[in-house]
Structure formats: structure tokens, C-alpha cells
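Please open the structure in a viewer and keep the selection tool at hand. The stops below are meant to be followed in order.

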Amino acid sequence: MSESVQVTNNLTNPEASSQRTLYPYVTGTSVVAIKYKDGILMAADMGGSYGSTLRYKSVERMKSVGKHSVLGASGEISDFQEILRYLDELILHDNMWDDGNSLGPKEVHNYLTRLMYNRRNKFNPLWNSLVLGGVKNGQKYLGSVSMIGVHFEDNHVATGFGNHLARPILRDEWKEDLSFEEGVKLLEKCMRVLLYRDRSAVNKLQIAKLTEEGMTISQPYSLKTFWGYGAFQNPTVGAEGSW
Amino acid sequence: MENMDLNAPHSMGTTIIGVTYDGGVVLGADSRTSTGMYVANRASDKITQLTDNVYICRSGSAADSQIVSDYVRYFLHQHTIQLGQPATVKVAANLVRLLSYNNKNMLQTGIIVGGWDKYEGGKIYGVPLGGTIIEQPFAIGGSGSSYLYGFFDQAWKEGMSKDEAEQLVVKAVSLAIARDGASGGVVRTVIINSDGVTRNFYPGDTLPLWHEELEPQNSLLDILNAPAPEPMNI
């Protein structure tokens with residue numbers, strides 16, 4: 001009996017030799033950011049989920065980039081760590097020019113857009129949704145880039161669930177020249193809703209403040225939640241067996 | 001592997017743990033290697049040496065984790081020669097990350113890197129599937145770790161002594177073995193600190209019994225022939 005040999009090549013199995021990221025492993029959930037009077041406020045929780053398990057609870061998903069920007073990421077954490085390395089190199093080369101100029105948030109946003117889009121074209125995306133915010137020479141900038149290279153700029157941006165839950169709140173309640181206190185309260189309102197309604201949210205978050213002076217990131221903290229509705233105590237009164 | 005549910009991470013046969021304590025680290029693992037339902041090796045050593053002061057716990061594909069550890073050992077050896085002093089745990093962990101990340105499509109291994117160096121003391125780094133690197137006070141991995149998240153949430157505390165840390169690790173691996181079919185055999189630990197490295201071995205009969213587990217006997221005959229119990233004084 002002769003053995004039949006399976007021949008696989010790019011025609012019989014088009015995906016055989018191409019490398020592609022098929023699925024993420026350790027992921028972060030929403031990032032929410034707004035422009036306010038002095039610059040940018042960005043919030044993200046510190047969760048790294050592994051499928052449905054809330055595996056890591058102290059992951060910093062926002063990092064400063066150069067002097068003028070802050071990057072927040074959701075999606076695959078290893079890809080975010082790699083993006084930070086790319087940005088380190090970018091900022092290093094920018095500094096090595098030693099010409100008094102430095103990359104502003106708009107430039108970094110553009111770099112990230114190209115990075116994400118070119119990977120998407122090779123069918124090997126960096127599995128992240130990014131939020132890039134910054135202030136340079138008094139100009140505030142806030143943009144986002146998705147894993148397929150969709151990018152835009154706005155007064156408030158969010159990733160993932162934040163788009164569905166936080167943006168509507170921000171569309172109603174955001175206004176020009178919010179004070180720091182108003183901005184933080186607004187972000188916390190968004191983060192609390194996400195905590196209630198996003199399964200991959202964890203109750204430990206940080207808020208990053210970015211102004212002309214630079215970036216500060218808060219210590220990790222938790223939000224109080226409210227469960228004192230009468231209907232929560234007795235949800236099935238009048239409809240026994242329901243939920 | 002195709003059409004994988006995004007919410008179902010790959011389960012890996014093994015329980016591995018790394019814990020920092022005041023002065024160093026304790027690494028722990030079970031000893032079961034399975035191929036399908038068959039236990040290929042019931043006394044494997046999943047805690048592998050990279051340098052004098054850095055060890056790793058391997059989980060997932062045995063082949064993948066072995067080849068990664070071989071490459072990292074090789075790179076670290078060269079790095080040590082160039083540097084002129086022992087490599088740091090952080091460098092070792094980042095080398096593991098590099099290989100795991102850049103070959104993420106092909107590799108299926110989760111690794112815990114633990115060791116001691118003179119700059120940072122005892123450190124534990126987790127490098128799960130995908131190649132994320134994350135420094136942690138303690139790390140758990142492998143399929144058996146699913147049963148230990150709640151345990152560590154309750155039992156872990158900062159600033160344990162060496163013995164407390166080792167006891168915690170042995171208890172945890174033993175609990176995971178009790179419930180995870182892919183974990184079993186003996187519990188191995190490796191303690192790394194400024195004094196050096198200590199390897200310990202805990203066979204099943206030295207471990208505590210958990211729920212619904214019975215004291216092991218040589219034979220039924222011993223039970224049957226046991227002397228009659230003393231009558232109670234009521």
C-alpha cells in the first residue's frame with residue numbers, strides 16, 4: 001500500500017504560511033479620556049483579563065510618551081508593551097536630533113496610526129485600541145486609533161465598552177473648559193457605569209492628568225458602588241420566579 | 001486551534017507557582033506531564049535552571065517551554081560573560097518575553113521567572129501566553145492555577161518568612177493537584193535567595209489530605225486485621 005502524501009501550499013490552504021495574530025490572550029478593557037481646561041484627563045482600570053478570568057489586577061494601561069503625551073491602551077497587553085518599545089525608540093531618536101524640537105501628541109498619534117494600519121494590511125494586527133492625548137504649546141490634542149487603523153480626533157474618546165457606555169454620557173455632559181474637579185467627577189461617573197456593566201472591568205483604576213507641565217498619574221484607587229435601590233432588594237415582587 | 005472562542009483561554013496541564021518573600025523567592029510546581037489522558041512522566045521537574053540565581057517554572061507544551069528555556073539559558077550565558085557579573089532576574093524575564101512574544105503564533109507556553117539578584121533582591125515575573133511580561137509579588141500558572149485564585153486571594157500576605165512562603169506554595173500546589181486532573185505527582189520547590197539555591201521534594205504521603213481524601217493504606221487486609229477500636233466511655 002502506498003502512503004498518500006498531503007500537499008499543502010498557499011493555494012490549497014491560503015492561511016498556511018502567513019503569520020497572523022488570530023486572537024488576544026491577556027486583555028485590558030475600556031480607556032476613557034476627555035479634554036479639560038488645562039489639558040487632558042484619561043482614565044483606565046488596572047485589569048488584565050485572561051479570557052473570562054480577571055487574572056491580573058495591577059496592570060498599568062496608561063503610560064507617558066515623551067514630554068507631551070500620554071498613551072492609554074485596551075486589548076492585548078503584550079502588544080501594548082511592544083508599542084511602548086516602538087515609542088521609546090521614536091522618542092529616543094527624536095531626542096538625539098537635539099534640535100530643540102520634540103514630537104507632539106499629533107505627531108505621535110500619526111505614527112501610531114501608521115503603525116496600526118500597516119500591521120493591519122499584513123493581516124497581523126497589533127490587537128489594541130489606543131487613546132493618545134497631549135498638550136503642546138497650549139494646544140490640547142486627543143485622538144484614538146483602533147487595531148485596524150481607524151483613527152480620529154475629538155474632545156472625548158473611549159475604547160471598547162467605553163464607546164457604548166461612556167461616550168453617550170460625555171456627549172450630554174462634556175463642555176468646554178471643564179475644571180479638574182469637574183473632569184475627574186465626569187470620568188468617575190463613566191468608570192462607575194463601566195464597572196457596573198462591563199464584565200471585564202475591575203474596581204481598581206487610575207486617572208492620568210496631562211497638562212503643559214507634564215503628566216501625573218494617580219495612585220490606584222477603587223470606586224464606591226451603589227446597590228440601595230428598593231427594586232434591588234426585592235426584584236421579583238409581583239412577579240415571582242422572574243429575575 | 002481555529003475558531004477558538006475568544007473567551008476561553010487554552011488550558012495547560014500543570015500547576016506552577018512563584019512567590020516572593022522577605023529575602024528571596026520560592027518557586028513550586030507539580031510533577032505530572034501528560035500526553036492526552038496518559039501520564040507520560042509522573043516525576044518531571046518543571047522548575048528549570050537558567051543561571052545560578054534565576055530559575056523558571058514551565059507550563060503548557062513541554063516541547064515549547066523546554067526550547068524557550070534552552071535558548072534563554074544560552075543567551076543569558078553569553079550575556080553574563082559580557083556583563084562580567086550575574087544576570088539580573090529582569091533581564092532573564094525579558095529574554096523569555098522576547099521569545100514568547102515574537103513567536104506567539106507558534107508557542108503555547110506560560111512561564112514564571114523567579115530569582116534573586118543583588119540589585120532588586122527576590123523578584124517574580126509572569127510571562128503568560130502571548131508574551132506579556134508582568135512583575136508580581138506572586139504568580140500562579142498552568143491549568144491547576146484556576147483552583148488557586150481564591151486561595152491566594154485569601155492566604156497571600158506581604159512580608160512572609162522563607163518557611164511561611166514555602167509552606168504556602170506546598171499547600172497551594174497540593175490543593176491544585178487534588179482538583180486538577182492535569183496536575184499530580186510530587187511537589188517540588190526551589191528557594192532562591194542571597195545564600196543560594198535550595199531544592200526540596202515533597203512526595204504525596206507528606207502532603208495533607210483534603211476533602212474526601214483518605215489516609216493511604218498498604219492493603220485492605222491491614223484495615224480488616226486492625227485491632228478493634230476501644231469502646232467509648234459514655
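Select A:Ile83, A:Tyr86, A:Leu87 and A:Leu90 in α1(A); these residues meet A:Val108, A:Tyr111, A:Leu112, A:Leu115, A:Met116 and A:Arg119 in α2(A). The model on display is a predicted one. The crossing in which α1(A) passes α2(A) is right-handed.

Remain on helix α1 of chain A and select A:Ser78, which lies in it. Is this residue, A:Ser78, buried or exposed? A:Ser78 counts as buried because its relative accessibility is 0%, and the cut-off for that class is under 20%. Next, display chain B around this residue. Leaving aside neighbours within four places in sequence, A:Ser78 is in contact with B:Tyr101, B:Lys104, B:Gly130, B:Gly131 and B:Thr132.

The tour now turns to aromatic rings. A search of the whole structure, over all chains, finds 11 aromatic pairs. Select A:Tyr23 and A:Tyr25, which form one such pair: the arrangement is edge-to-face, with 5.7 Å centre to centre and 85 degrees between the planes. Both A:Tyr23 and A:Tyr25 are buried.

Then select A:Tyr229 and A:Phe232. This aromatic pair is also edge-to-face, at 4.9 Å centre to centre and with 70 degrees between the planes. How does the exposure of A:Tyr229 class? With a relative accessible area of 45%, A:Tyr229 is partly exposed. A:Phe232 is likewise partly exposed, its relative accessible area being 45%. The class follows because buried means under 20% and exposed means over 50%, with partly exposed in between.

Select A:Tyr50 and A:Arg55: the charged end of A:Arg55 sits over the ring of A:Tyr50, 4.7 Å from its centre. Finally, select A:Phe180 and A:Lys209. Here the charged end of A:Lys209 sits over the ring of A:Phe180, at 5.7 Å from the ring centre.

Methods. Residues numbered from 1 in each chain as written. Chains lettered and ligands numbered in written order. Predicted model: local features only at pLDDT ≥ 70, side-chain atom pairs only at ≥ 80, totals over all residues. Heavy atoms only, no water. Phe/Tyr/Trp six-rings, centres within 6.5 Å; stacked < 30°, edge-to-face > 60°. Buried < 20%, exposed > 50% of the residue type's maximum accessible area, 1.4 Å probe, protein only. Lys NZ or Arg CZ within 6 Å of the ring centre and 35° of its normal. Left-handed = near helix turned anticlockwise from the far one by under 90°. Helix = DSSP H or I, 4+ residues; strand = E, 2+ residues; numbered from the N terminus. Contact = heavy atoms within 4.5 Å.
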